Amino acid sequence: MAAIERFDIEKVTKVFQECLQDEDDVIMDDYLNAYEEINKFFLLLGSVFGFVSSDVRTKIDILTAFRREAENSDKFVTFKTMMLYEMEAGLLKDSKYVSGCRTLLRLHRGLEFIYEFLTKLEEVDKNEKVQQTCKAAYENTLAKHHTWVIRKGALVAMYTLPTKEELLKRVCADVPLSKELLPEMLRNTKIVYDRTNALYNLHDLHSLP
């Protein structure tokens, strides 16, 4: 089995800055490009978030396929164009249609966890185990959308997480650079998250099944 590439925090920092359009929109291709790195983070956490990584992979592939479709690719250039297209075409009420809005919502929830976890991780001593930090971030974010069985399995698996320093060595290719860039990466992530969240609030799409 091929080794998983390390999480490139520099790339996420750069791409999340580039994916901002106008004052309130997000460019789909850049967002998915950044999310490819975020999925490496989930994979590198180990069995704890293996199920999340698998779901993220599926969601990235669905949205990428929309962007590659010759007929409707222009409808998925940004989050705003996608939402307006699917709402105006009545596609969100079509149970047979694989919705881009619904798919993106799952990635949006995953991004909230990443932001919470890495923000809390900044405050942890390098020799301290990160299981409680991860548990707190998970319970505040993704756990709200998971079944009891999944939540239980994830919380148990978190006891295998190492110290902060060991985790950074496992996940990041360049630990000193990652520590230096983390505050900027978190700022850019928060802007992207807030813009996406505002669009879901505006169109009342948070409750998509």
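Modeller: One term before we start: a crossing is called right-handed if the near helix is turned clockwise from the far one by less than a right angle, and left-handed if it is turned anticlockwise. Also keep in mind that this is a predicted model.

With that in hand, take H4 and helix H9 (residues 175-202), whose crossing is right-handed. They pack at an angle of about 20 degrees, with their axes 11 Å apart. Angles under 35 degrees count as roughly parallel, so H4 and H9 are roughly parallel to each other. On the H4 side the contact is made by Phe79, Lys80 and Met83, and these meet Thr196, Leu199 and Tyr200 in H9. By class, that contact has four nonpolar residues, one polar and one charged.

Setting aside residues up to four places away in sequence, threonine 13 touches Leu181, Glu184, Met185 and Asn188. Its relative accessibility is 4%, and the cut-off for buried is under 20%, so threonine 13 counts as buried.

Back to H4, which spans residues 79-88, and its packing with helix H5 (residues 100-121): here the angle is about 135 degrees and the axes are 9 Å apart. That makes H4 oblique to H5. Phe79, Met82, Met83 and Glu86 of H4 make this contact with Gly100, Cys101 and Leu104 of H5. Sorted by class, those residues come out as five nonpolar, one polar and one charged. Phe79 and Met83 are listed here and in the H9 contact too.

H5 also leads us into the core. The largest nonpolar core has 67 residues, and those with the most contacts inside it are Phe7, Phe16, Tyr31, Phe49, Phe113 and Phe117. H5 gives the most to this core, with 10 residues. In soluble globular proteins, nonpolar side chains tend to be buried together. Leaving out residues up to four places away in sequence, phenylalanine 113 touches Phe42, Phe49, Cys134, Ala137, Tyr138, Thr141 and Leu142. As for Phe117, one of its partners is threonine 133, which is also in contact with Lys120, Leu121 and Val124, leaving aside neighbours within four places in sequence. Threonine 133 belongs to helix H6, and its relative accessible area of 10% makes it buried.

That brings us to H6 (residues 131-140) and helix H7 (residues 148-157), whose axes come within 10 Å and cross at roughly 165 degrees. At that angle H6 is roughly antiparallel to H7. This crossing is right-handed. Lys135, Tyr138 and Glu139 in H6 meet Ile150, Arg151, Ala154 and Leu155 in H7. Four of these residues are nonpolar and three are charged, with no polar ones.

Finally, have a look at alanine 143, in the loop between H6 and H7. It is buried, with a relative accessible area of 9%. Apart from neighbours within four places in sequence, alanine 143 is in contact with Tyr138 and Arg151, and both of those take part in the contact of H6 with H7. Its C-alpha atom is 9.4 Å from that of phenylalanine 113, with the two residues 30 apart along the chain.

Terms used: Residues numbered from 1 in each chain as written. Predicted model: local features only at pLDDT ≥ 70, side-chain atom pairs only at ≥ 80, totals over all residues. Heavy atoms only, no water. Axes fitted to C-alpha atoms, helices over the stretch in contact; angles between N-to-C directions. Helix = DSSP H or I, 4+ residues; strand = E, 2+ residues; numbered from the N terminus. Parallel < 35°, antiparallel > 145°, perpendicular 65-115°, else oblique. Contact = heavy atoms within 4.5 Å. Nonpolar A, V, L, I, M, F, W, Y, C, P; charged D, E, K, R; others polar. Core = buried A, V, L, I, M, F, W, Y, C linked by side-chain atoms within 4.5 Å. Buried < 20%, exposed > 50% of the residue type's maximum accessible area, 1.4 Å probe, protein only.
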